[in-house]
Amino acid sequence: MEKTFNLTRRDDGIAILTMDVPGETMNTLKAQFGPEISEILAEIKSDSSIRGLVLISGKKDSFVAGADISMLDACKTASDAKALSQQGHVVFNELEALTIPVVAAIHGACLGGGLELALACHQRVCSDDGKTMLGVPEVQLGLLPGGGGTQRLPRLVGITTALDMMLTGKQIRPKQALKMGLVNDVVPQTILLQTAVEMALAGKRVPKPVKKSLVNQVLEGTSFGRNIIFDQATKQVEKKTQGNYPAPAKIIDCVRQGIAKGMQKGLEVEASHFAELVVSKESEALRSIFFATTEMKKETGAEGASPRKVKKAVILGGGLMGGGIASVTTTKAKIPVRVKDISEKGLSNALAYAYKLLDKGVKRRHMTPAARDNLMALMTTTTEYKGVKDADIVVEAVFEDLALKHQMVKDIERECGEHTIFASNTSSLPISQIAEAATRPENVIGLHYFSPVEKMPLVEVIAHAKTSPETIATTVAFARKQGKTPIVVQDGAGFYVNRILALYMNEAAQLLLEGQSVEHLDKALVKFGFPVGPITLLDEVGIDVGAKISPILEKELGERFKAPAAFDKLLGDDRKGRKNGKGFYQYGASSKKAKAVDESVYGVLGIKPGTNKDAKAVAERCVVQMLNEAVRCLEDGIIASPRDGDIGAIFGIGFPPFFGGPFHYIDTLGAANLVRILEGYQSQFGNRFEPCERLKTMAQENTHFF
């Protein structure tokens, strides 16, 4: 059997321990490594010729990317998970207890268990490479660092900095890591090993105290001050998680107890909290999302088809969406882009948009001005069809107007090559209708981004009946290079995300008209777990956009999509939302702090807010509409699987991740239970709540999606 850890001895007395998991591209920590490491440590202890130890990775681009997550799914009980954490503690404690100096030489990803391994070493040096990132992202999977991280990190970089890292899961770049005392040195990769060897030869050094801000020095220095830090952190976490995620509070508790009662007690608390989190339904849901997205990365989106290489892209339209799409294509995918717009103003908007995003990176010192300018040089503009002949893909982001889109298809077929893909970023028009104008319909596809493009991770790739598999595969690969998570959906009004969102938004509107206040509605759904409430969302997306989509959905999908008529009154009052500073909320200079509701909106709609119903009941009425429609989309073949439906809802509209997505959530509720709730509302409010056939069948047969 091939070994993961190999020990080589140098003439100068320094031993090099190289970690290289056989047959994997990345190093991850697995439970079965325990005995192998212990054996090596025993060998090192018994060899008096070894004066120091350097730990390095045999992989070319990563140190250790973390613990192997599938190991956690193998835990049947909390005590299994606890044993896993304790085993890590034993090994890392042994490493730390070595009397010779131990130095970690870090290049590439050093995350989770990988950073915990490095923390158990006496010193750390990392490469200054862009691929080198350090962090403890466990909280993103509903977990906490279970290999001693909650104890060693605060002792090394200070309580405030450690909590910030553990509660956000953020990744730290080399320069930052040096400044905060996470590593002792940063050097070019070419001399990484040599530097680590020199550090080991120099012997154990007392770590320099971390430079803390005056406030942190004062607070972290006394138990009274530390309590202030922990209480503040707890308050912030409560506000952010709405009590829906158990991990952050447990992270704070591990640090609090470890600092007050010592390392040994801290490790005990860490192991028990870790164990409870591993078996929690929240972590299970978050891990299912992780596995689903990992699995999706291996798929082309079309069986048996392989993607063509995209060497050049053209974006039609320099508006908000066009500018955003052009920006992620140059900065993330590093693909040259030509932006075409009818006006110079549109073009300068697109350039300014991309520049502003890149310049943020320069201001934060993540990128040099030269690197920013090189990326900007990938974006060129034109008001005529010049320099578009050799485009492999054209993404159209013009107004939602079928005649205009038909014109675009004809222009592209005339100006570009026979293989050029025409991808439409439409939010509601069926792609088959857009493809009617094409002589090469096999090249026409939908590519639906969400706003703001640089922030929203999802993109829907929409195939109509004649789209070729190669076109699908190429478009999926293109979206992935832009840093997006693509799901392939079949053609139909509203596709998947907007279709399930529309009913949820309509229901929120009905509740508003029944006298629920704007704040109460938004708060109820944020408490349920959405990132923003439905009314805030409507202001952000634009009330006019919502008004355009509704009739299209109603015409194609029927009566249940009819939007409340009162909404025309909003547009009559020129309320479009944030974009024209007039919507449900107040905008402008005066509304800097928490957004306030524009009370005059009630008068426009002809309503008076009455007594607020129970928040849970309010949220339930909106959410069950979304769940029912998600199952209908599966029934209609719009989405290929429940997995795609879950990923689409979480990444596209922020469906609460701790539920694992609409289909996982239906499994938790039970289909019979959901049907009962829907039928209750149906008898009260009419047929828009009628449960779909598939749900009724599942309720009768007591079956699940997963």
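Aspartate 574 counts as partly exposed, at 42% relative accessibility; buried means under 20% relative accessible area, exposed over 50%, and partly exposed in between, with a 1.4 Å probe and protein chains only. The model is predicted, so local features need pLDDT of at least 70 and side-chain atom pairs count only at pLDDT 80 or more, while totals for chains, interfaces and linings use all residues. Residues are numbered from 1 along each chain as its sequence is written, and side-chain values use heavy atoms, with hydrogens and water left out.

Aspartate 574 sits in the loop between helix 24 (567-572) and helix 25 (600-605). Helices (H or I, at least four residues) and strands (E, at least two) are DSSP runs, numbered from the N terminus. The phi of aspartate 574 is near 55 degrees, a positive value in a residue other than glycine.

Glutamine 242 also has a positive phi, near 55 degrees, in a residue other than glycine. The loop that holds glutamine 242 runs between helix 10 (223-241) and helix 11 (247-261). With 23% relative accessibility, glutamine 242 counts as partly exposed.

The peptide bond from serine 451 to proline 452 is cis, with omega near -10 degrees.

Glutamine 625 belongs to helix 26 (residues 615-635). Its relative accessibility is 1%, so glutamine 625 counts as buried. Apart from neighbours within four places in sequence, glutamine 625 is in contact (heavy atoms within 4.5 Å) with Leu503, Tyr504, Glu507, Arg688 and Phe689.

Two packed helices are described by the angle between their axes and the distance between the axes. Helix 21 (residues 518-528) and helix 22 (residues 534-541) pack at about 100 degrees, with axes 7 Å apart. Axes are lines fitted to C-alpha atoms, for helices over the stretch in contact, and angles run from 0 to 180 degrees between N-to-C directions. Helix 21 and helix 22 are therefore roughly perpendicular to each other, the term for angles of 65 to 115 degrees. On the helix 21 side, Val518, Leu521, Asp522 and Leu525 meet Pro534, Ile535 and Thr536 of helix 22.

The protein chain as a whole has 30 helices and 17 strands. Of its 706 residues, 55% count as buried. Among contacts between residues at least 6 apart in sequence, 74% join residues at least 24 apart. The C-alpha atoms of the chain fill a box of roughly 80 × 60 × 55 Å, taken along the principal axes.

How values were computed
Parallel < 35°, antiparallel > 145°, perpendicular 65-115°, else oblique.
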